[in-house]
Amino acid sequence: MSDAAVVDLMAVCLARLLRDGERVLHGVSSLLPMVAVNVAKRLHAPNLVYLSVAGGVDPSPPRLPWSSTDQTLTVGATAIFANEDFYDLCARGGIDVVFLGAAQVDRAGRINTSAIGEYDRPKVRLPGGGGAAAIMPTAGRIVVWRTQHTPRVFVERVDFATASGRLDRVVTPLCVLRMADGQLRVESIHPHTSAAEVQAQTGFDLGALTAVPRTPPPSATELAALAAVDPERVRDHEFR
Amino acid sequence: MPVAGLFGSDIPAQSGLKTVRDPYTGQEVYVVPALRPDWAVLHVHEADAQGNARVYGSPFWDRTMSRAARQVIVTAERIVDTAAFQRQPELTLVPHFLVAAVVHAPRGAWPAACYPDYEVDHAAVRAYLAASRDPAGLRAHLAAADGAPVAAR
């Protein structure tokens, strides 16, 4: 399967997780969530309330920008809801879904965006949580996406728990994972891979995978919505 | 200041954050020391000579930073008459009494964006990233940018 097809499948998986009427937020460096929110609004969630770090409420941008912080995401917006506003709203339980990125995700659903290795002498210093520690326990649910699914990303225990809390789903190039009974489990395996590969690329035991269904491939309607929302394929930049 | 969440994160232990018991609900809540920067430097679309400042579009953290800092420096695309602020005071993001200095700085956000006046100059950002791989290259790059006429930036 081509990279482009995997990107499209991931965007569609993210869009399917959003429900009509929900308040949904994405932050910086979040091209796939940006595309997914716009696809969901076009298909099954026309009344979704779209908030982003760019500050626009329900923008209708003429084109999607190359950065999810870009002010193009205020064009056509009906209000400006700036950063302190959406952090406060999340703190009081007023945001249904927040998308978060992660360098590491562990079995218990903790995420790391702080440091690889020892915190004070890291092998790699990462950008930090950007408020994830406040958002992850207070949002309705958290959706994490990651464009690499390897044992270095999916680990038994994160090197540093930047945040943990209401993780719901993780979407990767190989599968969709879901938190259940305090542990990440495979919900569906993408059509182009196998249970054996998913387990081999995951750094903790996923349990029996024989009964796990396949992820439904993107429908013609979903692909058409993707093409309409993101004709320039800014979403591909997450894989570069 | 109280902050929601943070439980389940390693940040509180690493940063030495403490909890207090909310006297109204009895719940434990993390409290963080307030940030009090000496200076905030904010680039805005319009300011007047007194320091009143407007940002069109999204202010990101500008409002919070202007209230947190001890002193604010405003850099502005345009200097306008105070009458413009008097006509629509609700558009003033930072009132003059919080502002220590105003600098007229057209294209002052370049190579970043000051939307909708101008967008990110991606070519300039790429050139900066390429030049900044070593200190000498960065110095040469900054010197060239510093001497360039504003319109060329």
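Domain 2 of chain B and domain 3 of chain B together bury about 540 Å², of which 68% falls on carbon and sulfur atoms, buried area being the accessible area (1.4 Å probe) that two parts lose on being put together, summed over both. Three residues, B:Arg107, B:Trp110 and B:Pro111, supply 89% of the area that domain 2 of chain B buries against domain 3 of chain B, more than any other three residues. The model is a predicted one, in which local features need pLDDT of at least 70 and side-chain atom pairs count only at pLDDT 80 or more, whereas totals for chains, interfaces and linings use all residues. Residues are numbered from 1 along each chain as its sequence is written, chains are lettered from A and ligands numbered from 1 in the order in which they are written, and side-chain values use heavy atoms, with hydrogens and water left out.

Chain B is divided into domain 1 (2-31), domain 2 (39-112) and domain 3 (121-153), with bounds that come from an automatic or database domain assignment. The C-alpha centres of domain 2 and domain 3 of chain B lie 26 Å apart, and the contact between these domains takes four residues from domain 2 and six residues from domain 3, where contact means heavy atoms within 4.5 Å. Across this interface of chain B, zero salt bridges are found between domain 2 and domain 3, a salt bridge being a side-chain nitrogen of Lys or Arg within 4 Å of a carboxyl oxygen of Asp or Glu.

The interface between the chains involves 19 residues of chain B in contact with 26 residues of chain A. Chain B and chain A bury about 1,900 Å² between them, with 59% of it on carbon and sulfur atoms, and B:Phe60, B:Trp61 and B:Tyr115 supply 31% of the area that chain B buries against chain A, more than any other three residues. The count between the two chains is one salt bridge, and the side chains of A:Arg63 and B:Glu119 meet in a salt bridge with a distance of 3.2 Å, N to O.

Within the chains, a search of the whole structure finds 21 salt bridges over all chains. In chain A, the side chains of A:Arg110 and A:Asp106 meet in a salt bridge (2.7 Å, N to O), and both A:Arg110 and A:Asp106 are buried; here buried means under 20% relative accessible area, exposed over 50%, and partly exposed in between (1.4 Å probe, protein chains only). In chain B, B:Arg54 forms a salt bridge with B:Glu46, the closest N and O atoms being 3.3 Å apart; B:Arg54 counts as buried because its relative accessibility is 5%, and B:Glu46 counts as buried at 12%. The salt bridge between the side chains of B:Glu28 and B:Arg21 (3.5 Å, N to O) joins residues of other classes, since B:Glu28 is partly exposed, with a relative accessible area of 34%, while B:Arg21 counts as exposed at 55% relative accessibility.

A further buried residue of chain A is A:His149, which has a relative accessible area of 6%. Among the residues that A:His149 touches, not counting those up to four places away in sequence, are A:Phe154, A:Pro173, A:Leu174 and A:Val198.
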